[in-house]
Amino acid sequence: MSDVLFIEGGRVIDPASGVDGVRTVVVRDGKVAEVAERVERPRDARAIDARGKWVTPGFVDLHVHLREPGQEYKETVATGARAAVAGGFTTICAMPNTKPVNDNASVTELVLARAAAAGLARVLPVGCISRGQEGQDLAEYGELKAAGCVALSDDGRPVASSSLMRRALEYARAFGLPLAVHEEDPLLVGKGVMHEGPTATRLGLKGIPGAAEDVMILRDLALLELAGGRLHVQHVSTRGGVRAIREAKKRGLPVTAEATPHHLALTDEDVGASGYDPDFKMNPPLRSRSDVQALREALADGTLDCIATDHAPHSAVEKDLEFDVAANGIVGLETAFPVCLALTRSGALSERRLVEAFTASPARVYRLPGGSLGRGEAADVAVLDPAAEWRCDPAAFRSKSRNSPWKSSALIGRCTHTLVGGKLVFEAGKGER
Ligand code: DOR
Ligand code: ZN
């Protein structure tokens, strides 16, 4: 007998198939069997009542730090995967800046083995651009690809050498792998700890100019034109970066880009309002209002392809310090949906585009399966309550880390059910800590 589940009465938003309306999703043997207005449910078939909720493809996050191997006190593959499915994510790409870094097949294989043992989200490893992420020599892209890496990145660090970047583009092109880049000119960043501007001056903190990001994006677009390949710009934070990517796309360059929920929602002024709270410190830093406005417009018009969390867990040991010396990064998997849903209420983003930026668009960027509820696709599904009001409580996160700027904020919108390959891997209110 086949295994059947009906997700009934919800508003199915599936930009990949052009569906937006009340439908029933029928899941059979782990796959989407049907998305239909009217279907008869056999009396003994299992059902999820999705009335008043959204039913979307499971979210795909191209940018997550899982910290295993090496820093399991911050996060493991299993705890990161638990946080992912609680946030509606069914596929997450694991950044390689672990200890040791993922620049060889044995680390890639370890991440995949831990993910398989956890049995929650699909975890796709990203390998290093340079050996040891040291920016000197290229990693072995053939080995990384064969082991299961879907992209290459030195994230956390820029590729400072232009000639190494050129060779990385050429070498990655031979393997069909995208290069995901963290764009900051190290010399312009200097000892900066937040966005350079009036707020940094007032707070007495060293600034990082927006141009530190702009010049690296412009450099890599020039190198992309020279060398070919595929370039994906991670966590774009500046108006100038957006302008450069928009212009490059117009010229037909194969560039894609992501924005994070925090860069879309917060500004450098929030660093001041928070009272030097290190949970508002990340790389690149929160920018000015006009940068944030540019990011929102760019996400709406597709210049920025997708939303990626840059989920970056850190413990109190790295975070409970003065702003200057605290680690960069915040957790994001369990707050991404409500934080970005707020953009639809202010009119900055349509609901359809929001869902697309979490599903079909990231899948397209890395050419991954998923991001769609098309018939025959694996049943990776998120059920989301867009009206659920809740208070963010980092102590209740499935993530091992608590470094969130939304601690104790009132949020609207929450994932209630997550299915991966037809299996219910998360249900709100069940088995919670
Ligand atoms: O804020 C950040 N944290 N930005 C990065 O690029 C890396 C990340 C981390 O690994 O903690
Ligand atoms: Zn980064």
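Predicted model: local features only at pLDDT ≥ 70, side-chain atom pairs only at ≥ 80, totals over all residues.
Residues are numbered from 1 along each chain as its sequence is written, chains are lettered from A and ligands numbered from 1 in the order in which they are written, and side-chain values use heavy atoms, with hydrogens and water left out.

Let me begin with the metal. The zinc ion, ligand 2, is coordinated at 1.8 to 2.4 Å by Asp155 through OD, His182 through ND1 and His235 through NE2, where donors are N, O and S atoms within 2.8 Å of the metal (3.2 Å for Na, K and Ca), and sites may look incomplete because water is not among the atoms. Along the chain, the donors of this zinc ion follow the spacing D-x26-H-x52-H. Aspartate 155 sits in the loop between strand 9 (151–153) and helix 4 (162–175), and histidine 182, 27 residues apart from it, in the loop between strand 10 (179–181) and helix 5 (186–189), so that the pair links distant parts of the chain. Helices (H or I, at least four residues) and strands (E, at least two) are DSSP runs, numbered from the N terminus.

Why is the arrangement around the zinc ion irregular? The four donor atoms subtend angles of 82 to 125°, whereas four donors count as tetrahedral if all angles lie between 85 and 135 degrees; four count as square planar and six as octahedral if opposite donors are over 155 degrees apart and all others between 65 and 115, and anything else is irregular. Aspartate 155 counts as buried because its relative accessibility is 2%, and histidine 182 also counts as buried, at 4%; buried means under 20% relative accessible area, exposed over 50%, and partly exposed in between (1.4 Å probe, protein chains only).

Asp155 brings us to the largest pocket, which is lined by 21 residues, with His65, Arg67, Asn97, Asp155 and Gly156 nearest its centre. About 440 Å³ of space lies in this pocket, and its lining has two nonpolar, 13 polar and six charged residues. On a 1 Å grid over the protein atoms alone, a pocket is an open set of points with protein on both sides within 12 Å along at least five of seven lines, a cavity is a set where a 1.4 Å probe fits but cannot get out, and lining residues have an atom within 4 Å of a point. Grid points are joined across faces, edges and corners, and a volume is the space filled by probe spheres set on the points. For the classes, Ala, Val, Leu, Ile, Met, Phe, Trp, Tyr, Cys and Pro count as nonpolar, Asp, Glu, Lys and Arg as charged, and the others, Gly among them, as polar.

The whole structure also holds two cavities of 30 Å³ or more. The largest cavity, of about 50 Å³, has six nonpolar, two polar and one charged residue in its lining, including Leu66, Glu68 and Asn102.

Leaving aside neighbours within four places in sequence, threonine 108 is in contact (heavy atoms within 4.5 Å) with Asn102, Pro125, Leu144, Ala147, Gly148 and Cys149. Threonine 79, in helix 1 (residues 77–86), is likewise buried, with a relative accessible area of 14%. Not counting residues up to four places away in sequence, threonine 79 touches Arg398, Ser399 and Lys400, and its C-alpha atom is separated by 6.5 Å from that of lysine 400, 321 residues apart along the chain.

Finally, the backbone. Most residues other than glycine have a negative phi, and most peptide bonds are trans. Here a cis peptide bond joins glutamate 68 and proline 69, with omega about 10°, and the bond from lysine 99 to proline 100 is cis, with omega near 0°. Arginine 367 has a positive phi of about 55° but counts as exposed, at 62% relative accessibility.
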